[in-house]
Amino acid sequence: MFQNIFDSHAHYDDGWFDADRDALLASLPEKGVCGVVNNSVDLENAKRVIALAEQYDFIYAAVGIHPENLENLPGDYLLQIAELTKHPKVVAIGETGLDYHWDIPKPDQLRVFEEQLQLSIDLNMPIVVHDREAHGDTFDLLRKYKPNALVHCFSGSVELMREAMRLGCYISLGGVVTFKNARHSVEVASEIPLDRLLLETDAPYMAPVPFRGKRCDSSMILYAAEKIASLRGITAQELLDITADNAKRFYRI
Ligand SMILES: [Zn+2]
C-alpha cells in the first residue's frame with residue numbers, strides 16, 4: 001500500500017466527475033492520496049474549485065484563467081482572482097499560460113498570461129503554467145517575470161527542462177511518461193533534479209497506460225511514479241515521498 005501521493009494538478013470540477021465526485025474524492029485518502037491541488041480554468045469554475053477545497057482537508061485550490069477560456073473575460077478579472085486568493089485554501093494562481101495548439105488569438109493569450117504572471121509576483125504566490133506547443137513565448141515570459149512557477153504537464157526537451165531549472169521553476173510530470181511515444185518526457189524524467197519534480201494527473205485527462213483515454217483520478221499517479229522511479233533507480237514510495245515534499249514546498253502547504 002502506497003502513501004504520500006500528492007497530485008499537484010487536477011480538475012475535479014470537470015463534468016466527467018459529476019456522477020460520483022463525492023464518493024471518489026472521499027475514497028482518495030484511503031488509496032494513499034495526501035494532497036491534491038485542484039486547478040481552475042475560469043472565474044466561474046474557480047468558485048466551485050474553492051468550494052471543493054473547503055469540503056475536503058486534503059484538497060487545495062489554484063485560481064486563474066486558462067488560455068482556452070478567454071471569451072467573455074470581465075474587465076476586472078484580475079481583481080476577482082486577487083480577491084479569491086485571500087481564501088486560506090487557495091495556494092496558487094492557475095492554471096494559466098499559452099496554448100498554441102488551438103486557434104486562439106495569440107495577443108489575447110499573451111496579455112492574460114502576462115497579467116497573471118505580474119499578479120503572482122505582486123501577491124507573492126506560486127503560479128501554475130500551461131505550455132502547449134508554445135515553449136518559445138512561454139519561456140520568454142518566464143525569463144522576463146521570474147515567477148515562482150510550476151510548468152505543469154511539461155512537454156519540452158531536456159535542454160528546455162535545464163532552462164526551467166536555471167529559472168528556478170518546478171516541473172510536473174504525469175501519465176504521459178507511461179505512453180509509448182513519450183521520448184521527451186522519459187528523458188526529462190531521467191535527468192531532472194529530483195528536488196524540482198512534482199507528480200500530477202491533470203485528472204480527468206491524461207490517464208496513464210493501461211487506462212489511456214479513460215477517466216483519470218489521483219490514485220493513478222502510481223503508474224507514472226513507478227515508471228519514473230524505475231528510471232531513477234529508487235522505489236516508487238521513495239519517489240512519492242520526495243515529490244510530495246516538493247509539492248508542499250512549492251505550494252507552501
Ligand atoms: Zn490542467
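Predicted model: local features only at pLDDT ≥ 70, side-chain atom pairs only at ≥ 80, totals over all residues.

**Entry 1: the zinc site**

The zinc ion is coordinated by His9 (NE2), His11 (NE2), Glu95 (OE) and Asp202 (OD), at 2.0 to 2.5 Å.

Next I looked up the angles. The 4 donor atoms subtend 84 to 171° around the zinc ion, which makes the arrangement irregular. To count as tetrahedral, four donors need all angles between 85 and 135 degrees. For my own reference, the ideal angle for four tetrahedral donors is 109.5 degrees.

Then I read the donors off along the chain, and their spacing is H-x1-H-x83-E-x106-D. His11 sits in the loop between strand E1 (5-10) and helix H1 (21-27), and Asp202 in the loop between strand E8 (197-199) and helix H8 (221-232), so this pair ties together parts that are 191 residues apart in sequence. Are His11 and Asp202 buried or exposed? Both of them are buried.

Glu95 got a second look. This zinc donor belongs to strand E4, and the peptide bond that joins Gly94 to Glu95 is cis, with omega at about 0°. I noted that one down, because most peptide bonds are trans.

**Entry 2: the largest pocket**

How big is the largest pocket? Its volume comes to about 780 Å³. I count 31 residues in the lining, and the closest to the centre of the pocket are His130, Arg132, Cys153, Asp202 and Met206.

Which elements give two or more residues to the lining of the largest pocket? They are strand E4 (90-99), strand E5 (127-132) and helix H7 (183-191). Sorted by class, the lining of the largest pocket has 9 nonpolar, 11 polar and 11 charged residues.

**Entry 3: the cavities**

The structure holds 2 cavities of 30 Å³ or more.

The largest cavity has a volume of about 40 Å³. Its lining includes Gly174, Gly175, Glu200, Thr201 and Met206, and Pro208, Cys216, Met220, Ile221 and Ala224 are also among the residues that line the largest cavity. By class I get 6 nonpolar, 3 polar and 1 charged for that lining.

The second largest cavity holds about 30 Å³ of space. Cys153, Leu173, Gly174, Gly175, Val176, Glu200, Thr201, Asp202 and Met206 line it. Those residues divide into 4 nonpolar, 3 polar and 2 charged. Asp202 is in this lining too, and I had already listed Asp202 among the residues closest to the centre of the largest pocket.

**Entry 4: around Val209**

I followed Thr178 next, which is in the loop between strand E7 (170-173) and H7. Thr178 has 15% relative accessibility and therefore counts as buried. A polar atom of the Thr178 side chain lies 2.9 Å from the backbone nitrogen of Val209.

Val209 has something else to show: the peptide bond from Val209 to Pro210 is cis, with omega near 15°. Pro210 is in the loop between E8 and H8.

**Entry 5: positive phi**

Which residues other than glycine have a positive phi? I wrote down Lys146, with phi near 45°, and Arg252, with phi near 55°. These went in the notebook because most residues other than glycine have a negative phi.

Lys146 is in the loop between helix H5 (135-145) and strand E6 (149-152). With a relative accessible area of 58%, Lys146 is exposed. Arg252 falls in the segment after H9, and at 47% relative accessibility Arg252 counts as partly exposed.

Tyr251 is in helix H9 (residues 236-251). Tyr251 has a relative accessible area of 1%, so I put it down as buried. From Tyr251 to Pro67 I get 22 Å, C-alpha to C-alpha, for two residues 184 apart in sequence.

Leu123 is in helix H4 (residues 106-123). At 33% relative accessibility, Leu123 is partly exposed. The C-alpha atoms of Leu123 and Arg162 are 27 Å apart, with the two residues 39 apart along the chain.

Terms used. Residues numbered from 1 in each chain as written. Heavy atoms only, no water. Donors = N, O, S within 2.8 Å, 3.2 Å for Na, K, Ca; no water. Tetrahedral: all angles 85-135°; square planar, octahedral: opposite > 155°, others 65-115°. Helix = DSSP H or I, 4+ residues; strand = E, 2+ residues; numbered from the N terminus. Buried < 20%, exposed > 50% of the residue type's maximum accessible area, 1.4 Å probe, protein only. 1 Å grid on protein atoms, 1.4 Å probe; cavity = no way out; pocket = protein on both sides within 12 Å on 5 of 7 lines; lining within 4 Å. Points joined across faces, edges and corners; volume = space filled by probe spheres on them. Nonpolar A, V, L, I, M, F, W, Y, C, P; charged D, E, K, R; others polar. Polar contact = N/O pair within 3.5 Å; in protein donor to acceptor, adjacent residues only side chain to side chain.
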